[in-house]
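Biologist: I would like to learn how to read a model like this one, feature by feature. Could you take me through it, giving the idea behind each feature before the case itself?

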Amino acid sequence: MVAYLARRALGALWALIGVATVVFIILHLTGDPTSVMMPPESTRAELDAFRHAQGFDRPLIVQFGWFAVSAAHGDLGLSLRHQEPAMSLALERLPATIELAGTAFLIVALIGVPAGVLSALRPRTWIDYVARIVALIGQSAPTYWIGLMLILLFAVRLGWVPASGIGDWRNLVLPAATLGFFSTAKIMRLTRASMLEILEADYLRTARAKGLTGTRVALGHGLRNAWLPIVTQLGVELGTLLSGAIITETVFAWPGVGRLAVQAVFERDFPVVEAVVLLAATIFVVLNLAVDLLYAVLDPRIRYA
Amino acid sequence: MREQMKRAIVLVAGAALALAAAGSVRAADTTVTISQGVDADTLNPLATTITPTFNVVQHVYERLADFGTRPGDYEPKLAVSWKRINPTTEEYKLRRGVTFSNGDPFTSADVKFTVDWIKNPANNSKQTPYVRDIDRVETPDPYTVHFISKTPLAIPPGLQNPLFIVDAKYFQARGNAYVAEHPVGTGPYVLHEWKRDDQTSFDVNPKWWGGHPKIDHVVFKPIPEAGARVAALRTGATDLITNVPPQYQIQLVGGQNTKLASTRSLRQLFIAFNTLQPGPQQNKLVRQAINYAVDVPAIVKNVVGGRGYEISSPIPPNYFGYDASVPGYKHDLAKAKALLVKAGYPDGKGLALTLNAPIGRYNRDREIAEAIAGQLQAAGIATTVRAQEWVSYSDQLNRRALTPMYELGWNQPSADADGVITALFTTTAPLSCYSNPEIDKLTDAARGELDVVKRKALYRQIATILHEEAPWVVMFEYEDLYGTSKRLHWQPRGDENIRAYEMSLT
């Protein structure tokens with residue numbers, strides 16, 4: 001087990017290095033932010049002074065070398081826009097993102113999975129049709145549009161909840177619902193498909209033949225065996241939600257990682273983009289490991305060594 | 001007895017009423033919430049260059065003087081008066097008895113420190129262009145400051161740019177990382193709390209030299225998405241929103257608690273020709289033909305919903321240096337076609353031009369470029385639009401790589417022709433794709449011309465040459481749209497500046 005964890009940690013390190021490198025290259029090839037950071041009336045000399053101070057006038061490979069050395073020391077540098085350490089800007093916004101993503105994830109798990117199971121147990125009934133139509137809308141309607149429609153209905157027309165911003169639980173309702181909608185639909189469809197497959201299995205027919213009730217068969221034997229793909233997907237969804245919901249956070253003016261990321265990308269604020277991407281990559285790596293370890297709990301046949 | 005009793009009751013009741021009234025006055029602390037598209041990037045006024053941040057920090061920090069409502073007008077702030085004592089020295093008399101909110105007295109040393117800090121390369125400030133013209137600052141006494149320039153300057157160098165004065169003692173003791181989050185200024189408000197991307201709140205500064213503003217608390221609550229900003233205003237969560245897209249006008253005008261506020265902006269939108277790169281755009285006749293082919297009133301009417309003002313010169317009517325006698329180009333397809341024949345491109349044969357445009361930088365920027373391309377097609381000029389997001393666009397712009405035509409907007413808060421001409425038409429300016437020794441000479445002369453009448457005459461000369469040479473298609477100035485709650489009294493300004501200390505509520 002210890003050897004397994006060590007191997008996984010080493011793999012994770014390589015993944016992070018790879019991500020940081022790719023992001024560095026893409027960012028630096030798509031534009032120099034000097035002209036956006038400096039006032040428009042700057043002279044050539046003033047622009048060059050800024051470029052020089054930031055090291056943008058050095059060859060890309062040298063810039064990468066400097067970045068790699070300081071990143072290895074845990075220092076991603078100062079944000080070009082905010083003039084503050086990039087990683088602390090990203091970490092500062094993590095609690096807001098966790099609050100939103102956590103709530104959205106609860107919606108996904110507590111609605112998506114039961115709806116999928118129900119839909120699989122009663123195929124081609126009205127329950128199934130309603131669940132599938134809702135899932136279809138959830139997967140095909142743009143998050144942006146759903147968010148604005150929810151704001152118009154529940155905040156402007158009915159006045160039940162605030163239109164935007166962070167605050168108490170009422171501020172959380174609309175963005176969490178918007179963010180959770182897409183993932184809920186995905187999980188619901190996956191659960192339904194996974195369950196339908198298992199319900200056809202021989203051992204379930206045997207269980208029913210032995211006289212077990214439908215519910216016990218479905219939940220005790222069916223869901224138990226359908227779990228693995230669902231848990232995998234839940235892990236991925238949680239990672240996606242936690243790495244910052246760019247559109248939802250923007251529409252609802254939610255002060256999370258996603259909004260920071262989108263601003264930083266638009267302005268090529270290199271250190272901040274690196275910080276946000278590394279943060280997201282770390283979250284994914286940790287969650288993947290957690291999901292893999294969970295497999296062993298859910299399925300006693302799986303053991304890691 | 002009964003009479004006395006009555007009187008006593010009336011007195012007591014009156015006193016109770018008065019007390020209640022006094023109580024309610026105190027309870028009804030006024031708060032105004034303002035929603036721009038982005039949060040302040042820092043609260044260090046010497047480290048930023050963007051308007052939304054200046055709008056936030058100016059509630060804590062003050063300049064020597066603010067821009068007034070007309071070009072060349074100033075409202076004295078930390079300076080009470082200024083005069084030129086020799087061609088290269090401007091003397092500012094500072095306001096006495098002003099203290100920073102931490103109690104430190106405000107003196108000339110703070111002004112000098114501010115300029116020196118920006119100039120010091122070690123601080124890597126993005127504001128170096130703002131103090132470029134200032135050679136040095138001298139402080140003959142605590143309430144007198146001399147701004148010394150290398151050459152004579154027509155515009156007072158201390159007032160030209162957002163030069164916010166910081167507390168030298170505090171700044172040095174705490175360092176700029178700390179100051180960026182804990183601002184201390186002389187202004188009407190003090191910081192209550194800054195929660196990034198969430199809200200920045202201010203309380204009134206009881207020690208402000210200017211008295212008590214009508215608004216006790218100011219909150220800046222950024223909302224990036226325009227539709228969500230409008231929704232927040234309609235629900236009463238905010239009192240003022242910026243950049244209202246024209247399609248939302250109707251919701252605000254018809255709203256129960258909302259209204260629309262608008263003003264003519266100092267921001268103009270134009271198409272520039274890259275005359276420094278080879279191509280047909282180096283031919284003056286082609287440039288003139290395109291000027292006649294573009295129908296600006298149609299664009300204003302159909303693409304920006306009528307929220308714009310056609311202009312005929314890069315020096316618009318609301319700028320110093322405007323001259324109504326300088327001619328402009330009016331839409332005239334026949335003239336455009338005749339000029340194309342003269343230029344050797346009958347019916348536009350052999351012309352295939354690219355019009356570069358940014359995406360989402362200015363109101364309807366890309367759509368405007370598409371409309372212009374359509375109008376040029378009508379004149380026989382094959383035109384394709386190449387739209388890009390702002391960072392790479394701006395980068396290419398600075399390298400003069402956008403060619404043969406590109407769309408750009410410009411806002412000069414000082415409302416003086418100098419900023420426009422120097423930055424956009426002189427040979428050495430990175431944003432100029434035009435080079436004309438005569439314009440360079442006249443621009444230099446105008447910058448140093450201390451006589452107002454002569455300076456105006458120089459700009460008339462410049463505008464006349466630019467009309468003939470046509471390095472731009474001059475188009476229009478925007479009308480800025482804001483949404484406000486009905487209870488808010490506020491007059492929008494053409495320089496996009498938002499001052500809560502000039503607001504009141506009903």
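Predicted model: local features only at pLDDT ≥ 70, side-chain atom pairs only at ≥ 80, totals over all residues.

Biologist: Which residues of H13(A) and H14(A) make the contact?

Modeller: On the side of H13(A), the contact is made by Val257(A), Leu260(A), Ala261(A), Ala264(A) and Val265(A), and these meet Val272(A), Val273(A), Val276(A) and Leu279(A) of H14(A). Sorted by class, the contact of H13(A) with H14(A) comprises nine nonpolar residues, with no polar and no charged ones.

Biologist: At what angle do H13(A) and H14(A) pack, and how far apart are their axes?

Modeller: The angle between H13(A) and helix H14, which spans residues 270-298 of chain A, is about 140 degrees, and their axes lie 9 Å apart. Angles over 145 degrees would count as roughly antiparallel and those from 65 to 115 as roughly perpendicular, so H13(A) is oblique to H14(A).

Biologist: How is chain A divided into domains?

Modeller: Domain 1 of chain A covers 2-72 and domain 2 covers 90-298, and the centres of the two, taken over C-alpha atoms, are separated by 33 Å. Where they meet, twelve residues of domain 1 of chain A are in contact with twelve residues of domain 2 of chain A. On the domain 1 side, helix H1 (residues 2-29) of chain A gives the most, with nine residues, and that side divides into ten nonpolar residues, one polar and one charged.

Biologist: How many residues does each chain bring to the contact between chain A and chain B?

Modeller: In general, the size of an interface is often given as the accessible area lost when the parts come together. Here one can count residues instead, and the contact takes 44 from chain A and 39 from chain B. Among the helices of chain A that each supply at least two residues to this side are H8 (143-157) and H13 (257-267). The side of chain A that touches chain B divides into 22 nonpolar, eleven polar and eleven charged residues.

Biologist: What is the order of the strands in the open sheet of chain B?

Modeller: The four strands run in the order E4-E5-E7-E6, with antiparallel pairing. Strand E4 (79-86) and strand E6 (134-141) of chain B are the edge strands, each pairing on one side only, and the twist averages 25 degrees from one strand to the next. Helix H3 (residues 108-119) of chain B packs on this sheet, touching E5, E6 and E7 of chain B, and its direction makes about 165 degrees with that of E6(B).

Key:
Residues numbered from 1 in each chain as written. Chains lettered and ligands numbered in written order. Domains from an automatic or database assignment. Contact = placed C-beta atoms within 7 Å. Nonpolar A, V, L, I, M, F, W, Y, C, P; charged D, E, K, R; others polar. Pairing = 2+ DSSP bridges. Axes fitted to C-alpha atoms, helices over the stretch in contact; angles between N-to-C directions. Parallel < 35°, antiparallel > 145°, perpendicular 65-115°, else oblique.
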